[in-house]
Amino acid sequence: MAELETPISEVTTLSAEDNDHFEALLKPESIPENALPVEVLIYRGAFRLPEDSGGMGWEYSGHGMTYFPTGDPYGEEDGFTGSLFIVGHDQQLWVGEVTIPVPVISRNPEELPVAQTLQELADITGGTLTEEWVLPRMGIEYLPSLGDMSEGKIHFTIGQHIQYFEPSHGWAATELDSTELAGLWLMDGFTNYATNDYLFTIPESWSVAYAPGYRLASGRFREGVWGGLGPALFAYAPWLDGNPPPNDYELEHVIPLLLYGQQMEGLPELVVDDSMRMHGYATSDHWWGGAWLTSPVGEAVIFTGTKALGKSWYGFANGVVWDYACTEDPEINCPEIPEYPYDNRGFWAEGYKPAILFFDPEDLGKVAKAEMAPYEPQPYALMDLTEYWYDPQTHVEIYKRDLVGAAAFDRNRGLLYIVERLGDAYKSVIHVFQIGLE
């Protein structure tokens, strides 16, 4: 990486306190009483995605993923039954369904088993996503029928990089070629910068104890400060607003669980200060996925993503810093835009790790009960995934900025599936972990 071309004072750097928090998360001295220990996640191996499943395929894929327990009903009883719905190329965001082969531990991705296509990639949003969307994002989650729903649905959330208050949540049929669609809905006055990316199931036991009827959690980590100083998360229950709610409806059954900032009415950015900061937060972090893990040995709400290391800045990957106001203030000189491959302006850092961030579900329960503010819960651990990843490096020349994509959880078997972005040339690899009970 080139030397920074502006003084360090103009670059965001983790404070000594945040560095201490980051180191403590990597090797926690203790964890909350009922929380899931990091060391019980046992690596089982990985598998590849098919060569062709229609659409733009599996290159640059994995922005969303969910486990489907009744998928692949004719598969062998090998301990990896069910299937996965996965979001394909991130410029198209169609959804396909694949089998789950028995994963293999190998340092050569070409030796991994290959999943088979069950349903080809298709648009489950009813044509909402178009080529005009800039840096689109999508989360998906299968949930069995609830309330007056007759069957289980694929719930989804969609959005794009700059988006304030637009309908973003809906549900679709598990038959991907179906025209059945419900939504899109808004999220009770909360900005899209905090609501519409990752999506996962809330376990029934937690819902009964803290938020009866709420079985879905969605949110977004918007790099920078506009979505707060950490990943946002909301419990929501659209079936409590209708079966389904009408299009463009503003859902009322929405509960903030994590929000490292304050939503002011009509303001697209969250209002933030350092008292609302997640420990170890960096402006260049990218948290793309999540899951709510449950087991007899503990529980955790996790976020999967790319953790920024060292200095962070807004500008270009080669270290050129860009002042937000330089295009509007003649007193500020805008630097020259670097040549390819360093011409992509955004938030960058000196280094990155593929990682999992762990939160205590009991803290989120206290937030739901208004016993804690949504910016008070702090992560208790961070798991470095570098040793398992085939290519844990960013590559700006092929637009590889994110090392980790979505996660999916098979609750009955304790199996956690995580996407490695561009781990198999340009395609994603699916890594498999299992909660050990010993």
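**Rings, sheets, cores and a disulfide**

Student: Does Tyr 193 count as buried or exposed?
Tutor: Buried means under 20% relative accessible area and exposed means over 50%, with partly exposed in between, using a 1.4 Å probe and protein chains only. Because Tyr 193 has a relative accessibility of 4%, this residue counts as buried.

Student: What kind of model is this?
Tutor: Residues are numbered from 1 along each chain as its sequence is written, and side-chain values use heavy atoms, with hydrogens and water left out. Local features need pLDDT of at least 70, side-chain atom pairs count only at pLDDT 80 or more, and totals for chains, interfaces and linings use all residues, since this is a model that is predicted.

Student: How many aromatic pairs are there in the whole structure, and how many residues apart are Tyr 164 and Tyr 193?
Tutor: Rings of Phe, Tyr and Trp (its six-membered ring) pair if their centres lie within 6.5 Å, and planes under 30 degrees apart count as stacked, over 60 as edge-to-face and the rest as tilted. A search of the whole structure finds 24 such pairs. Tyr 164 and Tyr 193 form one that is edge-to-face, with 5.8 Å from centre to centre and 90 degrees between the planes. This pair links distant parts of the chain, with Tyr 164 in the loop between E8 and strand E9 and Tyr 193 in helix H2, and the two are 29 residues apart.

Student: How many residues has the largest nonpolar core?
Tutor: A nonpolar core is a set of buried Ala, Val, Leu, Ile, Met, Phe, Trp, Tyr and Cys residues joined through side-chain atoms within 4.5 Å. Among those with the most contacts inside the largest one is Leu 233, and contact means heavy atoms within 4.5 Å. Leu 233 touches residues including Tyr 198, Phe 200, Phe 303 and Leu 364, not counting residues up to four places away in sequence. The number of residues in this core is 49.

Student: Is the disulfide of Cys 326 and Cys 334 right-handed or left-handed?
Tutor: A disulfide is a pair of cysteine sulfur atoms within 2.5 Å, and here Cys 326 is joined to Cys 334 with an S to S distance of 2.2 Å. Cys 326 is buried, with a relative accessible area of 6%, whereas Cys 334 is partly exposed, with 33%. Because the torsion about the S-S bond is about 105 degrees, the disulfide is right-handed.

Note on methods
Helices (H or I, at least four residues) and strands (E, at least two) are DSSP runs, numbered from the N terminus.
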